[in-house]
Amino acid sequence: MAEGQTTHGIEAIVLVRADDPDKKPILYACPKCGGLNSPAIYIATEERKHQAAREAAENCYTCRTHNTCDTCECETPKGWTRCESCRFKARLEAAVEVPDDGGPYCAFDGDEYFQELDQAADAGLEWVSPCDITYPRIDPADIYDSLLSDMHEDASIDDLNATAALDAAIDAFNKAQTQQSWFGDVKR
Ligand SMILES: [Zn+2]
Ligand SMILES: [Zn+2]
């Protein structure tokens, strides 16, 4: 960037001590809202600290309407340093590539589910994640824990009768469940 040129064309206000004959810069302020930036918050050489505070004042966070993506330099919502599309690309690159497991599939980084790979391709998806399939399950331990927490302090599972019958009934119930739930993972 050339001397005197800033991201929105207005130079930072440089604050100096009124009684300093050398006019040594102390703080830098946004020319629009007056928001102050101190070199003291940066860890760098004296020169770099002042440069950083000056740049922060000239590219004031309060006055800025958007950020610039650190990868493709497009407009990015405040609060993000990288745009959604570059973040998606980074997540995709970080994802482990695994062989087709026959489905079901989840849109990569999304929440659309597909039985067949062709359906995902028809929906315009380039990458899908394999899914974990789960079925409704009752864990007998949860039931015993809940019962015991309402009993006297030293109560144990030995104080309950007919646990084997309950275990068998729960086991039969669990085995009868056919309704699948699909959860996409972070692979591709
Ligand atoms: Zn400002
Ligand atoms: Zn980007």
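Here are some friendly notes on the predicted model shown above.

1. **Three domains.** The domain assignment gives domain 1 as residues 1–63, domain 2 as 65–94 and domain 3 as 96–188. The C-alpha centres of domain 2 and domain 3 are 34 Å apart.

2. **Where domain 2 meets domain 3.** How many residues of domain 2 are in contact with domain 3? There are five, and they touch five residues of domain 3. The size of an interface is often given as the accessible area lost when the parts come together. For domain 2 and domain 3 that buried area is about 470 Å², with 58% of it on carbon and sulfur atoms. On the domain 2 side, Phe 88, Arg 91 and Leu 92 supply 83% of the area buried against domain 3, more than any other three residues.

3. **Charge across that interface.** Side chains of opposite charge can pair when their charged atoms come close. Between domain 2 and domain 3 the count is one salt bridge. Look for Arg 91 and Asp 109: they form a salt bridge in which the closest N and O atoms are 2.6 Å apart. Two residue pairs are in polar contact between domain 2 and domain 3. Sorted by class, the side of domain 2 that touches domain 3 has three nonpolar residues, two charged ones and no polar ones.

4. One of the pairs to look up is Arg 82 with Asp 70, whose closest N and O atoms are 2.9 Å apart. This pair links distant parts of the chain, twelve residues apart. Arg 82 is in the loop between β5 (75–76) and α2 (84–94), while Asp 70 is in the loop between β4 (67–68) and β5.

5. **Two backbone details.** Most residues other than glycine have a negative phi, and most peptide bonds are trans. With that in mind, have a look at Glu 73, which is found in the loop between β4 and β5. Its phi is near 65°, a positive value in a residue other than glycine. Next, is the peptide bond from Gly 103 to Pro 104 cis or trans? It is cis, with omega near -5°. Pro 104 is found in the loop between α2 and β6.

6. **The three-stranded sheet.** Three strands make an open sheet in the order β1-β2-β3, with antiparallel pairing. Its edge strands are β1 (13–15) and β3 (36–37), each pairing on one side only. Strand β2 (residues 27–29) pairs with β3 over two bridges, in the antiparallel sense. To see this in the model, find Tyr 28, which stands opposite Asn 37 in β3.

7. **The four-stranded sheet.** Which order do the strands take in the open sheet of four? The order is β7-β6-β8-β9, and the pairing is antiparallel. At the edges are β7 (113–114) and β9 (181–184), each of which pairs on one side only. Strand β6 (residues 105–107) is joined to β7 by two bridges, and these strands run antiparallel. Cys 106 is a handy residue to look for, as its bridge partner in β7 is Tyr 113.

Note on methods
Residues numbered from 1 in each chain as written. Chains lettered and ligands numbered in written order. Predicted model: local features only at pLDDT ≥ 70, side-chain atom pairs only at ≥ 80, totals over all residues. Heavy atoms only, no water. Domains from an automatic or database assignment. Contact = heavy atoms within 4.5 Å. Buried area = accessible area lost by both parts, 1.4 Å probe. Salt bridge = Lys/Arg side-chain N within 4 Å of Asp/Glu carboxyl O. Polar contact = N/O pair within 3.5 Å; in protein donor to acceptor, adjacent residues only side chain to side chain. Nonpolar A, V, L, I, M, F, W, Y, C, P; charged D, E, K, R; others polar. Pairing = 2+ DSSP bridges.
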